[in-house]
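Visitor: I would like to learn how to read a model like this one. Please show it to me, and we can go feature by feature.

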Amino acid sequence: MQIFKAAAFIFLALISTRYVLAQEFEWPLAEPEQVDVSPQMIAELTEAISQGRYGRIKSLLILRHGRLIHDDYFNGHRQNELMPLYSVTKSWGSALMGIAIRNGDLQDVSVPIEDVFRDYGYVFSSEPAKRQILVRDLLTMRHGLAWDEWSTYFTDPANPVFQMAQSADWWGYVLSRPATAAPDSVFRYSTGVANLLGGAIWSLTGQSALEYSDEFLFGPLDIDDYYLEVDLSGGPRGTGITNFQPGLTPTGHGLWLRARDMAKIGQLYLDRGAWQQRRVLASQWIESSWGSYSNVETDPQVFPENISYGYQWWTYRFPGPAGEVAVHTAIGFADQFIFVIPDLDLVVVSTADNGNFEGQDMRQAIRDIVIPGVDADFDPVQDGGL
């Protein structure tokens, strides 16, 4: 009897193990020519990377029609290595706000931030103009708060990102910045404001942004390997900030992921919020995230004609063989990129260590090499599997 029980236990354990393994996501693979991508284009791109044309690239992934056609690592980096995303983190924080709306935790983006950050009533009573700031204004970086993180390096004590990270209350520091412009009147890129998105998740749900992501984003996407560290020194992993105030997850910077998991976020957006036959984000949220709220018309001092900003996503418009191609992009310091190109049913992920590199980056590679090497004639159902 004991032998029978032991055998039955082992059998059930093996079944359970096989079931768990069966649930783990693996990218389906394809050869470039199977999805109408030029192998010569990939060869040219990898050769240019190997020659250092785009700096010290760490990883390059290319997916078409949901299939992984190229996965390469350079300069000693490896497939399962966690990469610092820097401001690509902002696009993750934006996704969490879309999930909060879909879950009913946030009514919509027109909610005043005063109604979200109720523990900071003193901020709004001391400067009533801040009562006009909406959640939308945080997402679009049109908040009106005084903030300039581009004139000095983020490791400079004069930089507001550095000052925020040294404060005991990050959210309080950002909310207390003077309101020097009307909401939705000017674009001001702000890592601090992006970190308020995590504060909103905490205030609305009682969960940190990371806990919320585990349940509603990373969980469905089978992302279970990540790390949080905010770098203020330009040094290696372990030299930054890893201890945060209660409830704070840095949603403006600080997330580390594997390149293959970055690609999952790109594919989620390419497929309009659906993942493996499961709805994670509303399709309308994807469209809103890629809207043009700041551009050459609204802020000509910041934006050239071919670039616009949405909900923590940048959009570039490049020429292609069949006309203009929109490239929706999550961007991080030192050249971390998630490129989503719906016109080509394409996702490209690239990470790098280019903090001091002044040459071309992968945006130019997308324009000059990648787009011309992909056949634009495809059917989204037949070829993309949607």
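Visitor: In which helix does threonine 89 lie?

Guide: Threonine 89 is in helix H3, residues 88-103. Helices (H or I, at least four residues) and strands (E, at least two) are DSSP runs, numbered from the N terminus. This is a predicted model, where local features need pLDDT of at least 70, side-chain atom pairs count only at pLDDT 80 or more, and totals for chains, interfaces and linings use all residues. Residues are numbered from 1 along each chain as its sequence is written, and side-chain values use heavy atoms, with hydrogens and water left out.

Visitor: Is threonine 89 buried or exposed?

Guide: Buried means under 20% relative accessible area, exposed over 50%, and partly exposed in between (1.4 Å probe, protein chains only). Threonine 89 has 0% relative accessibility, so it counts as buried.

Visitor: What does threonine 89 touch?

Guide: Contact means heavy atoms within 4.5 Å. Setting aside residues up to four places away in sequence, threonine 89 touches Pro250, Thr251, Gly252, His253, Gly254 and Leu255. A polar atom of its side chain lies 3.5 Å from the backbone nitrogen of glycine 254.

Visitor: Where is serine 87, and what surrounds it?

Guide: Serine 87 sits in the loop between strand S3 (83-84) and H3. It counts as buried because its relative accessibility is 13%. Its contacts, not counting residues up to four places away in sequence, are Tyr189, Thr191, Gly252, Ile331, Gly332 and Phe333.

Visitor: How do I read the packing of H3 and helix H9?

Guide: Two packed helices are described by the angle between their axes and the distance between the axes. Axes are lines fitted to C-alpha atoms, for helices over the stretch in contact, and angles run from 0 to 180 degrees between N-to-C directions. H3 and H9 (residues 191-205) pack at about 35°, with axes 9 Å apart. Their crossing is left-handed. A crossing is left-handed if the near helix is turned anticlockwise from the far one by less than a right angle, and right-handed if clockwise.

Visitor: Which residues meet there?

Guide: Lys90, Gly93, Ser94, Leu96, Met97 and Ala100 in H3 meet Thr191, Ala194, Leu197, Ala200 and Ile201 in H9. By class, this contact has seven nonpolar, three polar and one charged residues. Ala, Val, Leu, Ile, Met, Phe, Trp, Tyr, Cys and Pro count as nonpolar, Asp, Glu, Lys and Arg as charged, and the others, Gly among them, as polar.

Visitor: At what angle do H2 and H13 pack?

Guide: H2 (residues 39-50) and H13 (residues 362-370) pack at about 150°, with axes 11 Å apart. They are therefore roughly antiparallel. Angles under 35 degrees count as roughly parallel, over 145 as roughly antiparallel, 65 to 115 as roughly perpendicular and the rest as oblique. The crossing is right-handed. Met41, Glu44, Leu45 and Ile49 in H2 meet Met362, Ala365, Ile369 and Val370 in H13. Seven of the contact residues are nonpolar, none polar and one charged.

Visitor: Which phi values are positive in residues that are not glycine?

Guide: Glutamine 277, which is not a glycine, has a phi of about 65°. It lies in the loop between strand S6 (274-275) and strand S7 (278-279). Glutamine 277 is exposed, at 87% relative accessible area. Aspartate 335 also is not a glycine, and its phi is about 75°. Its place is the loop between strand S10 (323-332) and strand S11 (336-341). Aspartate 335 is buried, at 13%.

Notes:
Polar contact = N/O pair within 3.5 Å; in protein donor to acceptor, adjacent residues only side chain to side chain.
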